[in-house]
Amino acid sequence: MHKKSFVTTLSVCVMILGLAALGFAQEAAEGGAHHANSGAQMKDFMWRTIDFAILVVIAVWALKKADVKGSLSARRAGIEKTLQEAVAAKEAAEKKFAEYSQRLDQANKEIEVISANMKREGELEKERIIAEAKEAATRIKAQAEAAAAQEVLKAKDELRAEAAKLAVELAEQKIKQNIAKGDQDKLVGEYISKVVTLH
């Protein structure tokens with residue numbers, strides 16, 4: 001690539017020199033009167049052309065040395081690579097974002113399901129506790145009623161026993177007041193004979 005550019009530049013310089021030489025040769029052929037001046041002009045033009053060709057060669061050499069085209073090509077390749085990396089990074093980021101969005105949506109759904117389950121379990125537990133409390137209250141009430149009934153029966157029995165005891169005591173006192181000693185022995189004998197007969 002460098003060699004081809006150098007050959008092209010050299011060809012252009014040779015063409016310029018050739019055209020200049022041809023122009024001066026034609027001028028020299030046409031005007032013999034100006035022959036003395038034309039040689040000096042031709043020499044001056046030749047030096048100027050050589051100077052220009054040298055400058056062109058130096059400029060081309062400097063450009064090749066600086067490798068402007070290669071630098072621009074490398075810069076372009078670097079920019080394209082950077083753009084491709086940026087596009088790939090963007091696509092990867094979008095893919096990650098979509099993945100995380102999907103995971104977040106899934107997590108939100110799971111949280112909603114867990115929340116609904118916990119709420120339902122909480123309601124069931126509440127109902128169970130209320131039912132157990134009602135059952136316990138009914139059982140305690142029944143026990144209290146049974147205990148109260150027992151206490152009432154016990155109190156009645158105690159009152160009956162006490163009333164019987166008092167009745168016996170009153171009867172004894174009345175009998176003692178109204179029955180003589182002989183009657184008393186007779187009643188005791190009859191009672192004993194009845195008891196013996198029953199057993």
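A salt bridge here is a side-chain nitrogen of Lys or Arg within 4 Å of a carboxyl oxygen of Asp or Glu. This is a predicted model: local features need pLDDT of at least 70, side-chain atom pairs count only at pLDDT 80 or more, and totals for chains, interfaces and linings use all residues. Residues are numbered from 1 along each chain as its sequence is written, and side-chain values use heavy atoms, without hydrogens and water.

**View 1. Salt bridge E125–R128 in helix α3.** The closest N and O atoms of E125 and R128 are 2.2 Å apart. The two residues sit three apart in helix α3, about one helical turn. (Helices are DSSP runs of H or I, at least four residues, numbered from the N terminus.) Salt bridges with shared partners link E125, R128 and E132 into one network. E125 is partly exposed, at 36% relative accessible area; R128 is partly exposed at 37%. (Buried is under 20%, exposed over 50%, partly exposed in between; 1.4 Å probe, protein chains only.)

**View 2. Salt bridge E99–R103.** The N to O distance is 2.9 Å. E99 and R103 are four residues apart in helix α3. R103 is exposed at 51%, whereas E99 is partly exposed at 29%.

**View 3. Salt bridge E80–R76.** The closest N and O atoms of E80 and R76 lie 3.3 Å apart. Both residues belong to helix α3, four residues apart. R76 is exposed at 56%; E80 is partly exposed at 39%. The salt-bridge count comes to six.
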